[in-house]
Amino acid sequence: MTSKTSLWLALALGATLGGMTPTHAATTGAQATSDDPYLWLEATHAPRAMDWVKAQNTITERAFASSPEFTHTYDQVLQVLDSDARIPYVERMGDFLYNFWKDKTHPRGVWRRTTLAEYRKAEPKWDVLLDVDALNKAEGKRWVFKGAQCLKPAYTRCLISLSPDGGDAVQVREFDTTTRAFVKGGFELPIAKTQVGWIDQNHLYVGTDFGPGSMTKSSYPRIAKEWTRGTPLSSAVTIYEGKPTDLAVGAYHDRTPGFERDFITVAKDFFHTENFLRKGNQQVKLDIPSDASFDAHRQWLLVQTRSPWTVGGTTWPSGALLVTKFDDFMAGKRHFTALFEPNAHTALSSYAWTRHHLILDVLDDVKSRLDVLTPQGTGAWPSKALPGAPSFSTVSVVDTDPDHSDEYWLSVTGFLTPSSLERGVLGKHQAETIKHEPAFFDAAKFDVSQHFVTSKDGTRVPYFEIRAEGHQTGWTCNRTLLYGYGGFEVSLLPFYSGSIGRAWLERGGVYVIANIRGGGEYGPRWHQAALKANRPKAYQDFAAVAEDLVKRGVTSAKHLGAEGGSNGGLLMGNMLTEYPQLFGAIACEVPLLDMKRYTHLSAGASWIAEYGNPDDPKQWAFIKTFSPYQNVKLGENYPPVLFYTTTSDDRVGPAQARKMAAKMEGMGYKKVWFYENTEGGHGAGADNKQSAHMHAMVYDFLWNELK
């Protein structure tokens, strides 16, 4: 995590966006004034809506999931997802390394741990703490594991989050790692969009659905409370109460020895947060820009800017990382030292503390490097580069042990480089490979290249291309898949995917990733360039990449497909309605599409800072230009489209994909396909089989339509 204030951003983007459920959200006041004939599909679990879903699923299954070709693709993808040779990524907590693992024997997964010495072995011995499949069998449930928070420094008491269907709403239960059982009479919270964290063994900070009015319009907690063990939740003491229009309110305790602090975060919207230091009953607001993120670590305060900030007589640029001493800042001093300042090619992707150092993950034209900074008594922070990753790869810090050591764990991955997990200790020894993922396809057959295209307004936009060595430009029959996202400052970086390699590349397909505006590839400026009224710039970028692929002779429009999910699903909707001539088929997954009503569905109100407020006529004037549900028309030559969603998605919700498919079918379009998985939340599936089914269906749909 790059900052403590990214808490709600991480929750809202979640595991490739809350407590009202989607079903209840559909009954807001906006419904009464809507003339939408497909409004009934917003009632997520209503019998009429589910009958429609089942009928659509049957049609789509017959078309794309009942052939020997689909079975082969499904098996190929599932073998990757279930492979015992995958890297079991770990998180250090005390003396143990913890991992959550799903495979064919444990489809819902096991939470387990081992020692470093054991983990170094080819086949480590794991101590299973919680078997979710066994739990489901014992309780007659279908729980999906959503993580564990364990109390420092012993890590024997943990808060386990379990989703009933893979959505964001979870039940929280206290777990004892010594007895490997849930604590009888321990802390427990019913299913809700909950934010919870340890203060000490007998106290929690908790935000949840306390009853009517306790959640924001975005369906996240509005009230933060302190809860004492052995007392009912109703007796928890309110420490902060936000407004219904806030995105979310939360609190957390920093247990770093000698630097214990308590903070309250009030997310006003997706990119603006007010932060308070809690001292007893007092709350002292941190005097930093609301759009900046901060991190209090030991004696240091880090501030990462998202817009230019003039402080202490100096103006710092957007995307800078600044440091000062926390106590000095709270005493009124405003002298900062810059640890990172971007240029036209670079952006700070993330950072991670070790005990004595700070590791920066820097992107340079969407290629990563790591720099180690070490604070000196003089106030200087000298920098030293860590060894880089192979070309067109991504190297990132996945875990450190900042309380005790300078240990760091690196993930190294690339389009053609199977992922590896490396461990090092700064100042003692360089990173060494501990685990290495097998090659799921023959990478020697393929090449990776990076290209740049000029978008409509003159902006230089990068994209990556992966294709077989034998594919020459001018082979315009190449089936090519173009993937994009372009929102929420999320960067699309090089990564290894056995599923893509097997299901697309080895078939002879070309795979392309577009680094369009709206993402974070060049920091906040790249994201802000496509906010609200400027959102179409992201779509112009994606269209420019599509046109460049044809211009360069990589493919032709007939053989060019596009794929994206969530905000990327909105991107796909706009490709469908605004740029249909550029594509031969489109896969649109868990999408936003009805931008007129998105703020009244699921967690939609939380994204107003990204897209604008459609209930404001002035803002609707520009939002309607990129609202696919309103812009789809009769008599157009739209490419075939597959809409994929999940019933349990309580972030975006299934309503928008449902309504778009129904509307297009009602207009007489024949090549409109729809599929809805019942589980999985805002993701591909609750287990590997569901994920493999989704991927196989999408790839087979695209392959068949792009021939």
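Which residues is His559 in contact with, leaving aside its neighbours within four places in sequence? Keep that question open while the first selection is made; the model on screen is a predicted one.

**Stop 1: His559**

Select His559, in the loop that runs between helix H11 (536-551) and strand S36 (560-565). His559 counts as buried, because its relative accessibility is 11% and the cut-off for buried is under 20%. Apart from neighbours within four places in sequence, the contacts of His559 are Thr476, Cys477, Asn478, Arg479 and Thr480, together with Leu706 and Lys707. One of these contacts, Cys477, is itself exposed, with 54% relative accessibility.

**Stop 2: Glu465 and Arg552**

Stay with the loop between H11 and S36, and select Arg552, which lies in it. The side chain of Arg552 meets that of Glu465 in a salt bridge, at 2.7 Å from N to O. Glu465 belongs to strand S33 (residues 460-468), so this pair ties together parts that are 87 residues apart in sequence.

**Stop 3: Asp36 and Lys659**

Next select Asp36 and Lys659. They form a salt bridge in which the closest N and O atoms are 2.8 Å apart. Asp36 sits in the loop between helix H3 (29-32) and helix H4 (47-64), and Lys659 in helix H16 (residues 655-666), so the bridge ties together parts that are 623 residues apart in sequence. Both Asp36 and Lys659 are buried.

**Stop 4: Asp364 and Arg369**

Another salt bridge to display is that of Asp364 with Arg369, where the closest N and O atoms are 4.0 Å apart. Here Asp364 is partly exposed, with a relative accessible area of 32%, and Arg369 is partly exposed as well, at 33%. How many salt bridges does the count come to? The count is 36.

**Stop 5: the cysteines**

Select Cys150 and Cys158 and show their sulfur atoms. The two residues form a disulfide, with the sulfurs 2.1 Å apart, and the structure holds one disulfide. Why is this disulfide right-handed? The torsion about its S-S bond is about 105 degrees, so the disulfide is right-handed. Cys150 is buried, with a relative accessible area of 13%, and Cys158 counts as buried at 0%.

For two further cysteines, select Cys477 and Cys588. Cys477, already seen beside His559, is exposed at 54% relative accessibility, while Cys588 is buried, with a relative accessible area of 1%.

**Stop 6: the second largest cavity**

Which helix gives the most to the lining? Helix H9 (residues 498-505) does, with three residues. Colour the lining by residue class: eight residues are nonpolar, two are polar and none is charged.

Methods:
Residues numbered from 1 in each chain as written. Predicted model: local features only at pLDDT ≥ 70, side-chain atom pairs only at ≥ 80, totals over all residues. Heavy atoms only, no water. Helix = DSSP H or I, 4+ residues; strand = E, 2+ residues; numbered from the N terminus. Nonpolar A, V, L, I, M, F, W, Y, C, P; charged D, E, K, R; others polar. Buried < 20%, exposed > 50% of the residue type's maximum accessible area, 1.4 Å probe, protein only. Contact = heavy atoms within 4.5 Å. Disulfide = S-S within 2.5 Å.
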